[in-house]
Amino acid sequence: MIATNNLPQPIKMPLWLRRIKFIMQPVKYVEDFAKIYGDSFTLSGSGDSRLVYFSQPEALEQIFTADPSHFEVGRGNRGLRFLLGDRSLMLMDGEPHQRQRQLLTPPFNGERMRAYGQDIQEITRQVSDNWQMGKPFNIRESMQEITLRVILRVIFGLDEGEMFEELRRSLCSLLDFMTSPIMSSAFFFRFMQKDFGAWSPWGWIVRQQQHIDKLIYTLIQQRRAEPDQNRQDILSLMMTARDQEGQEMSDQELHDELMTVLVAGHETTASALTWAFYWLDRLPEVQEKLLQELNDLGVNPEPSQIAKMPYLTAVCQETLRIYPIAMACFVRVVKNPIEIMGYKLPEGTIISPSIYLAHHRESVYPQPKKFKPERFLERQFSPYEYLPFGGGNRRCIGLAFAQYEMKIVLATILSHFQLSLLNKHPVNPVRRGLTLAAPGGMKMIANHQIKNPHTAVAV
């Protein structure tokens, strides 16, 4: 393809109208533009800024395999700095990003990660055992309770006590308020990020965050003062990690990475689990196949066995494909001119690799609107076709843990309970902060799982 000096075709819609549609109709926003303008299109921002969407596998491969020095990621996502801090892995570039990634990757992989399986099973049972059989409950709230408890135990090393309860309460309040429909707009409209005192919406967020910061720094100091160096929670492992110069992470780095893990791993996994239970009830044939696979493992399977279940893995993959939690990868700001799909992108161009559009390409995923786990058993997709956790050097380091947690929670609940939607009408995803989620009021009814001639599940 011959390179040109032109960006992909520009979108013809006023900026204010685009932003409203982006916030209120996130799926329709990208689908409508793709239908009119194709695989690549350009949006004009404030001033001279230009945002270019790419979704074809060839373009994503060029972006993800390019020299990272061509891009700045922190600059394009500085709106998250108030929440994550200056030393968050998500907002770093260059050598600092590479250093933090090397320090943080080991605790989320291998035997250490698998050792957390029993914790995830136990927490899932504790939460689900509180359901009242035959009575409606909010499925998302239960999934949030599970994922937050997992983070507090596995990441923070907290399972009970005053610190646990205070962090749990404060984090729930902050994240629920920030991801409410109204406050979701604050991520995109700077004028809403004004502190007019403790009783103003943003003022409340600021003070709640300051309270959480104080709790986390107190926890870090307590952990540093502990003589026991054999703890296996991820915070403790992060504190013992050393870079190539033998330097440990500072208190600020530890704090910012804990907030990053919390934001990236709590809401996201809870949303994915909520969608999984939605699809399983909507499609009884999928649920029956999954229950049969669970039954074949016998009573009380080990987490390592659950993680290897092919159909369960495919169900999780399809859940993350059809409604990816993040609709796009973190944007990249072009530092040095680069050519993508024949377009020469000048310095300052903002690139948005679209996960949602990549996951709904008819040529890659026939009948993309249909929930079909079998597609992941029939073929293997490239990291440029299937990318729920991003790609390149910005791919989420917690992806293995997130998928592992998702499988164990699903298997643990389905082995004991039958979940049914209270309202059988189909639902559409909505914006929840920076993510895509099922509507917050979705209710389900739990009953004890029973054996039948076709699907005999251990109770």
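Which residues of H2 are buried? In this predicted model, helix H2 spans residues 26–37, and the distance of 17 Å from its first C-alpha to its last is close to the 16 Å expected for its 12 residues at 1.5 Å a residue. The buried residues of H2 are Pro26, Val27, Tyr29, Val30, Asp32, Phe33 and Tyr37. An α-helix has 3.6 residues a turn, so residues three or four places apart point the same way. After H2 comes Gly38, with a positive phi near 95°.

Helix H15 (residues 284–296) packs against helix H17 (residues 310–322) at an angle of about 140°, and their axes lie 8 Å apart. That angle makes H15 oblique to H17. On the side of H15 the contact is made by Val286, Lys289, Leu290 and Glu293, and on the side of H17 by Pro310, Tyr311, Leu312 and Val315. Sorted by class, the residues of this contact are six nonpolar and two charged, with no polar residues.

Within helix H14 (residues 267–282) lies Thr274, which is buried because its relative accessible area is 0%, under the 20% cut-off. Apart from its neighbours within four places in sequence, Thr274 is in contact with Ile139, Arg140, Met143, Ala438 and Met442. A polar atom of the Thr274 side chain lies 2.8 Å from the backbone oxygen of Ala270. Gln367, by contrast, is 93 residues from Thr274 in sequence and 22 Å from Thr274 in space, C-alpha to C-alpha.

Key
Residues numbered from 1 in each chain as written. Predicted model: local features only at pLDDT ≥ 70, side-chain atom pairs only at ≥ 80, totals over all residues. Heavy atoms only, no water. Helix = DSSP H or I, 4+ residues; strand = E, 2+ residues; numbered from the N terminus. Expected span 1.5 Å × (residues − 1). Buried < 20%, exposed > 50% of the residue type's maximum accessible area, 1.4 Å probe, protein only. Axes fitted to C-alpha atoms, helices over the stretch in contact; angles between N-to-C directions. Parallel < 35°, antiparallel > 145°, perpendicular 65-115°, else oblique. Contact = heavy atoms within 4.5 Å. Nonpolar A, V, L, I, M, F, W, Y, C, P; charged D, E, K, R; others polar. Polar contact = N/O pair within 3.5 Å; in protein donor to acceptor, adjacent residues only side chain to side chain.
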